[in-house]
Amino acid sequence: MTKVLVAYGSTRGSTREIAGWIGQVLAEQGLEVEVRAAAGMKDVGGYDAVVLGGAVYYGRWHRHARTLVRRCAGQLAQRPVWLFSSGPLQRVDDRDVSPPAGAERARRRVGARENVVFGGCLRADAKGFPAATMAKTAAGDFRDAERVRAWARDIAYDLKAAS
């Protein structure tokens, strides 16, 4: 059975939720899945494929996602990898938003198959500066769960076709 790591870098939890949606779909498609925070991970050798996501803050891909790519670049380059970003506080589709520079550098470094962007989420009760200030005018959940799930089904299809 194909073992897939779905790792994420998330500060406020919405990217973690997206990773959970992806993991659920992959498991429903018969894959063995582990959903984990990227923080502190030093090895991806026990997985046949990796889906790695990071929240986007001020145009930068989450530091835990970037760090995982740096630490495990050699291992990641030896297996199928898909990348995603979440964060624009707007509805997005494939044509609306380019991945942040850090995610694009990661894609090139490890030869990731795809690098997609999903809308983000900022809750009205966000704490801390600048999130609380931004929440006054830009709060909302702009994630498209069905788009995320469709993308995960495509990944499952690719992995099952290759095995």
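The model is predicted: local features need pLDDT of at least 70, side-chain atom pairs count only at pLDDT 80 or more, and totals for chains, interfaces and linings use all residues. Residues are numbered from 1 along each chain as its sequence is written, and side-chain values use heavy atoms, with hydrogens and water left out.

Helix H3 spans residues 101–110, and Gly 102, Ala 103, Ala 106 and Val 110 in this helix are buried. Helices (H or I, at least four residues) and strands (E, at least two) are DSSP runs, numbered from the N terminus. Buried means under 20% relative accessible area, exposed over 50%, and partly exposed in between (1.4 Å probe, protein chains only). Viewed down the axis of H3, the buried residues fall within an arc of 95 degrees and therefore line one face of the helix; the arc is that of the directions from the helix axis to the C-beta atoms. The cover over these buried residues includes strand S4 (60–61), helix H2 (63–76), strand S5 (81–86) and strand S6 (114–118), where contact means heavy atoms within 4.5 Å. After H3 comes Gly 111, with a positive phi near 70 degrees.

The axes of H2 and H3 come within 9 Å and cross at roughly 30 degrees. These axes are lines fitted to C-alpha atoms, for helices over the stretch in contact, and angles run from 0 to 180 degrees between N-to-C directions. H2 and H3 are therefore roughly parallel to each other, a term for angles under 35 degrees. On the H2 side, Val 69, Arg 70, Ala 73 and Leu 76 meet Ala 106, Arg 109 and Val 110 of H3.

The structure holds seven salt bridges, each defined as a side-chain nitrogen of Lys or Arg within 4 Å of a carboxyl oxygen of Asp or Glu. An α-helix has 3.6 residues a turn, so residues three or four places apart point the same way. Glu 104 is partly exposed at 22% relative accessibility, whereas Arg 108 is exposed at 51%. Elsewhere, Glu 17, Arg 123, Asp 141 and Arg 143 are linked in a network of salt bridges.

Technical notes: Angles under 35 degrees count as roughly parallel, over 145 as roughly antiparallel, 65 to 115 as roughly perpendicular and the rest as oblique.
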